[in-house]
Amino acid sequence: MEIEIRSVVYDDEVGALLEAEGLPNADLQAYAEVVKLDYAEPRPLVELYGARYNDELQGLVGLEYYGDVALLRSLVVRRELRCSGSGRSLVLFAEQQALRSGAQALYLLTTTAADYFTRLGFSTLPRDEAPAAIAASQQFSDLCPSSASFMTKALRRPV
């Protein structure tokens, strides 16, 4: 199965996919509204990437940038496509996008997929070692429970 990954904006389809899997999205919805209104106030840059097959959104991943680090978030793949490699493709795509944007490390929080992310090269980190910008993010400080695994992966350009 050939999936196409491309940039997407938060909309009802994105919200429905996240809600179906119980992932937090209120901040993404609020961010989308702020972007529409084009406020000049400082805010993190959030990018969403969707995996499409037959023009249907099958998966999603997000990047929230804080200088030279980024928060990988909202990784979701429709249940019927799990174990197809779509999640891995989305994470690898996000890593390449983060590298192109100057990020040197990715961080994430997960309540259910620590083993999965370990297989993709992420390692667990104590929450008190989070970079200040990541620790101050809504995802870290409010949306994800303190029991969530905090993980990181250094990004390096291929040689």
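**Notebook: salt bridges in a predicted model**

I started with a cluster of charges: Glu4, Arg6 and Asp55 are linked in a network of salt bridges. For a salt bridge I want a side-chain nitrogen of Lys or Arg within 4 Å of a carboxyl oxygen of Asp or Glu. Side chains of opposite charge can pair when their charged atoms come close.

Ground rules first. This is a predicted model, with local features needing pLDDT of at least 70 and side-chain atom pairs counting only at pLDDT 80 or more, while totals for chains, interfaces and linings use all residues. Residues are numbered from 1 along each chain as its sequence is written, and side-chain values use heavy atoms, leaving out hydrogens and water.

**Entry 1: the network**

I took the pairs one by one. Between glutamate 4 and arginine 6, the closest N and O atoms of the salt bridge are 3.1 Å apart. From arginine 6 to aspartate 55, that closest N and O distance is 3.7 Å. Arginine 6 sits in strand 1 (residues 4-8) and aspartate 55 in the loop between strand 2 (45-53) and strand 3 (56-66), so this pair ties together parts that are 49 residues apart in sequence. I'm using DSSP runs here: helices are H or I with at least four residues, strands are E with at least two, numbered from the N terminus.

Buried or exposed? I call a residue buried under 20% relative accessible area, exposed over 50%, and partly exposed in between (1.4 Å probe, protein chains only). Glutamate 4 is partly exposed at 43%, and arginine 6 is partly exposed at 31%. Aspartate 55 is exposed, at 58%.

**Entry 2: another pair**

Next I looked up glutamate 13, which forms a salt bridge with arginine 52, the closest N and O atoms being 3.0 Å apart. Glutamate 13 is in helix 1 (residues 12-20) and arginine 52 in strand 2, so the pair ties together parts 39 residues apart in sequence. Glutamate 13 comes out partly exposed, with 30% relative accessibility, whereas arginine 52 is buried at 13%.

How many salt bridges does the whole structure have? My search found five.

**Entry 3: the whole chain**

I counted six helices and seven strands. Starting at the N terminus, the elements go β-α-α-β-β-β-α-β-α-β-α-α-β. Of the 159 residues in the chain, 45% are buried.

I also checked contacts (heavy atoms within 4.5 Å). Among those with a separation of 6 or more, 64% join residues 24 or more positions apart.
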